Amino acid sequence: MNQIIQFFIRSRDFLLFLLLFGLSISLVFKSNYYSQSAYLHSANAISGKLYGFSNYWAQYFNLRSQNELLSEENRTLRKELLQLQQQVSSLSHTDSLTFAHADTLRFKVLTANVIKNSFRLHKNYLTIDKGSNDGVKQDMGVVSPQGIVGIVENTSGRFATVQSVLNTKSALNAMIKRTRHFGSLHWDAQSLNKVQLLEVPNIAPIQYGDTIVTGGMSNIFPKGIPIGKIVHYQKSQHDNTYIIDVQLFTDMSNLDYVYIIEDTDRTAVKAIEKQDSK
């Protein structure tokens, strides 16, 4: 205690100076509007930069949760779109104006993250973080926000592998949206994000830029899911069909999350088709 008292005694001149200096600064700011304004402006500028800096990093570390929210919102919207398409289709075949109940609608949608993706091989696959525990089954269609991605091939409890559309084994039913001519979608392993639509008759009035969509005949993808656009076509030398190059809407080298589409009628359709084949 004695040392503290001695310190104040030794420093009394300096402490008195600080007190008087602080008092004079206070009087200047109180009596001078310009000084007050300059001080407040400087303080606001500094605090604004600090808040901006902290807000930037808060937003950065919050991106993952925001992406998950957007993914879930997109899943809901895609499901509602498929339901609406089915309802409109039902109306065109009935005299009733009653919409089908949501539980009876044909397609359901799940969301999954891509945890592995190959696109440089001849037979490319993706691995997603949803499996049989989440209701994922073999032969379910997989799409991105831009268009098709592939088909579920194998599942475990927590994961599943997807045969990419960039796979030489892939064969999907597709059609030209404008002319409604059907064909089979394959990949020749020549170019990333460019596939081939085959078996389209060469009498079809196709054009560069025509949109290619799913044909809806495979019980895997609903009809009308975007695939890509025509960037080149030529007549086949072997038959009366076109060989059409299609630029995919989905960038297969940059996939983060995907949607898995379940056709709830698939089992019933397969059962009746199996009876017809006997």
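# A chat about the predicted chain

Me: New to this one. How much accessible surface does the chain have?
Reply: The accessible surface comes to about 17,900 Å². Carbon and sulfur atoms hold 56% of that surface. Keep in mind that this is a predicted model.

Me: What share of the residues is buried?
Reply: 31% of the 278 residues count as buried.

Me: And how many helices and strands are there?
Reply: The chain has five helices and 12 strands.

Me: Which strands close into a barrel?
Reply: Six strands do, in the order β6-β7-β8-β11-β10-β9. Their pairing is antiparallel. From one strand to the next, the twist averages 40 degrees.

Me: How many bridges join β6 to β9?
Reply: Three bridges. Strand β6 covers residues 172-176 and strand β9 covers residues 211-214. The two run antiparallel.

Me: Which residue in β9 is the bridge partner of M175?
Reply: V213 is the partner of M175.

Me: Other strands now. How do β3 and β4 pair?
Reply: In the antiparallel sense, over three bridges. Strand β3 is residues 141-143, and strand β4 is residues 148-155. They form a hairpin, with four residues between them. Within the pairing, V142 stands opposite G150 in β4.

Me: What about β4 and β5, how many bridges there?
Reply: Five bridges join β4 to β5, and these strands run antiparallel. Strand β5 spans residues 160-167. A hairpin joins β4 to β5 through four residues. T155 stands opposite A160 in β5.

Me: Let's switch to side chains. How many salt bridges turn up in the whole structure?
Reply: The search finds one. R178 forms a salt bridge with D210. Their closest N and O atoms are 3.0 Å apart.

Me: Where do R178 and D210 sit?
Reply: R178 is in the loop between β6 and β7 (182-186). D210 is in the loop between β8 and β9. The pair links distant parts of the chain, 32 residues apart.

Me: Is D210 buried or exposed?
Reply: D210 counts as buried because its relative accessibility is 6%, and buried means under 20%. R178 is partly exposed, with a relative accessible area of 44%.

Me: Aromatics next. How many aromatic pairs are there?
Reply: The count comes to three. One of them is Y208 with Y233, a tilted pair.

Me: How accessible are Y208 and Y233?
Reply: Y208 is exposed, with a relative accessible area of 51%. Y233 is partly exposed, with 24%.

Me: Why is the pair of Y257 and Y259 edge-to-face?
Reply: Because their planes stand at 80 degrees, and planes over 60 count as edge-to-face. The ring centres of Y257 and Y259 are 5.8 Å apart.

Me: Are Y257 and Y259 buried or exposed?
Reply: Both Y257 and Y259 are buried.

Me: Which rings link into a cluster?
Reply: Y208, Y233 and Y242 do, through ring pairs.

Me: Last one, on contacts. What share joins residues at least 24 apart?
Reply: 57%, among contacts between residues at least 6 apart in sequence.

Methods: Residues are numbered from 1 along each chain as its sequence is written. This is a predicted model: local features need pLDDT of at least 70, side-chain atom pairs count only at pLDDT 80 or more; totals for chains, interfaces and linings use all residues. Side-chain values use heavy atoms; hydrogens and water are left out. Two strands pair if DSSP finds at least two bridges between them. Axes are lines fitted to C-alpha atoms, for helices over the stretch in contact, and angles run from 0 to 180 degrees between N-to-C directions. Buried means under 20% relative accessible area, exposed over 50%, partly exposed in between (1.4 Å probe, protein chains only). Contact means heavy atoms within 4.5 Å. Accessible areas come from the Shrake-Rupley method with a 1.4 Å probe; for residues, only the protein chains shown count as cover. Rings of Phe, Tyr and Trp (its six-membered ring) pair if their centres lie within 6.5 Å; planes under 30 degrees apart count as stacked, over 60 as edge-to-face and the rest as tilted. A salt bridge is a side-chain nitrogen of Lys or Arg within 4 Å of a carboxyl oxygen of Asp or Glu.
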